[in-house]
Amino acid sequence: LELGRGNVAARERLLFIYAAQGRMWEVMQQVLPLLKSGRTDVNYLIATSFHKRYMDKELPFTKRCIAARPDDPLPRLIEAKWAIRDKQPDIASEILAGIIEQHPHLLDGQATMGEVLLQLDSDEDFLAWHERLPDSADEHPSIWFDRGLWSMKSGQMTAAVRCFSEALRRDPNHAAANYQLSIALSAVGEVETAEAFADRARKLARLALLIDELVNADKILEVVRLLRELGRAWEAAGWCRIAMTNNASWAKPTLDQLLFELAGEETLTKRASNVA
C-alpha cells in the first residue's frame, strides 16, 4: 500500500489480518478507501457497525496463528478480548502485558489494557499504565474513553465530558462514548446537549441490533436509512450495493442519490454529523 494506495486486494488482506488480531481501530482506517473504490464486502460493512460480532467470533485462522507461533504476541490481542468477553480480566491483563511489553505503540492493545484495568478496579495500576502510554495514544478514541470512565469513577465529571468528547471527535460512532457523554453532560447541568448524544447512542444500538439479525432486503433498507440519519453515507452506499445483488428495487436509485451527495466527501462520517 505504501507503493500503491489503490491496490484494493492488498488493502482487503490487510483489513482481514487486522480483524484476525482484533485491531478494530486499524480495520476502520481501511474501510473508507475500500468503499470509495466501489468495492463492497458485507464483512467489513458489519465491522464498522458491530465490532462485538467480530470480537466474539473465534476465527480458526487466528487460532492457527497462535498455535504456530506462540511467541508472537500480536495474534493474542483478540485472545485477550475473548478473555474479557468470558469475564476473565486477570487472564486478559496477563496477555496484554506481554503484548504491550513488545509493542508499546500498538494502540488497540493499550486501549484494551486500560479497559481491563478499569474492570480490575485498581487506581494505582491504571495510573501507572496511563503514565507509560506513548505520545501517540491521544490518537485512539478508546484510550480517551478509558480516561473518561476513570474520570467519572473519580467524580471528575467535567474531565469526563472532555475525555468522552475527545473520543467522539475521533470516532463519532463510538456507541458507549455517546452514552457516557450524555450521562456526564447531564451531571454538569447540560441536559439539552446531553440529549443529542443519548439520541445518537440509541441509534447506534439500533444499528448494531439490525445488523446482528440481518436476514433480508427490508432489513438492509432500514440499515441504509439509519446510516443516512447518522451521516454515514459511504456505508449506506455500500449496503445499497449489497441489496442490488438481491435485486432490491430501491437499491439502485438510492445508491445514485447517495453517490451524488458523496461527491468530495472525505470522511466515513460527515463532519456535520459529528456532534462532538
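Visitor: What should I know about the model before we start?
Guide: The model is predicted, so local features need pLDDT of at least 70, side-chain atom pairs count only at pLDDT 80 or more, and totals for chains, interfaces and linings use all residues. Residues are numbered from 1 along each chain as its sequence is written, and side-chain values use heavy atoms, with hydrogens and water left out.

Visitor: Why are helix 6 and helix 8 called roughly parallel?
Guide: Helix 6 (residues 76–85) and helix 8 (residues 107–120) have axes that cross at roughly 25° and come within 11 Å. Helices and strands here are DSSP runs (H or I, at least four residues, for helices; E, at least two, for strands), numbered from the N terminus. Axes are lines fitted to C-alpha atoms, for helices over the stretch in contact, with angles from 0 to 180 degrees between N-to-C directions. Angles under 35 degrees count as roughly parallel, over 145 as roughly antiparallel, 65 to 115 as roughly perpendicular and the rest as oblique. Helix 6 and helix 8 are therefore roughly parallel.

Visitor: Which hand does the crossing of helix 6 and helix 8 have?
Guide: Helix 6 passes helix 8 in a left-handed crossing. The term left-handed applies if the near helix is turned anticlockwise from the far one by less than a right angle, and right-handed if clockwise.

Visitor: Which residues in helix 6 and helix 8 meet?
Guide: From helix 6 come Leu77, Lys81 and Ile84, and from helix 8 come Asp108, Gly109, Thr112, Glu115, Val116 and Gln119. Contact means heavy atoms within 4.5 Å. By class, this contact has three nonpolar, three polar and three charged residues. Ala, Val, Leu, Ile, Met, Phe, Trp, Tyr, Cys and Pro count as nonpolar, Asp, Glu, Lys and Arg as charged, and the others, Gly among them, as polar.

Visitor: What makes helix 6 largely enclosed by the rest of the structure?
Guide: Buried means under 20% relative accessible area, exposed over 50%, and partly exposed in between (1.4 Å probe, protein chains only). Seven of the ten residues of helix 6 are buried, so helix 6 is largely enclosed. Those residues are Leu77, Ile78, Ala80, Lys81, Trp82, Ala83 and Ile84. Helix 6 is followed by lysine 87, which has a positive phi, near 60°.

Visitor: How do you know that helix 8 and helix 10 are roughly parallel to each other?
Guide: Their axes are 8 Å apart and the packing angle is about 20°. Helix 8 and helix 10 are therefore roughly parallel, and their crossing is left-handed. Leu107, Gln110, Ala111, Gly114, Glu115 and Leu118 in helix 8 meet Ser142, Ile143, Asp146, Leu149, Trp150 and Lys153 in helix 10. This contact divides into six nonpolar, three polar and three charged residues.

Visitor: What makes the aromatic pair of phenylalanine 126 and tryptophan 129 tilted?
Guide: The structure holds four aromatic pairs. In this one the ring centres are 5.1 Å apart and the planes are at 55°. Rings of Phe, Tyr and Trp (its six-membered ring) pair if their centres lie within 6.5 Å; planes under 30 degrees apart count as stacked, over 60 as edge-to-face and the rest as tilted. Phenylalanine 126 and tryptophan 129 both lie in helix 9 (residues 123–131), three residues apart, about one turn of the helix. Phenylalanine 126 is buried at 3% relative accessible area, and tryptophan 129 is buried at 3% too.

Visitor: Why is the pair of phenylalanine 145 and phenylalanine 164 called tilted?
Guide: The ring centres are 5.6 Å apart and the planes stand at 45°, so the pair is tilted. This pair links distant parts of the chain, 19 residues apart: phenylalanine 145 is in helix 10 (residues 141–153) and phenylalanine 164 in helix 11 (residues 157–170). Phenylalanine 145 counts as buried at 12%, and phenylalanine 164 is buried at 0%.

Visitor: Why is alanine 128 called partly exposed?
Guide: Alanine 128, in helix 9, has a relative accessible area of 29%, and is therefore partly exposed.

Visitor: Why does serine 182 count as buried?
Guide: Serine 182 has 8% relative accessibility, so serine 182 counts as buried. Leaving aside neighbours within four places in sequence, serine 182 is in contact with Ala194, Phe197 and Ala198.
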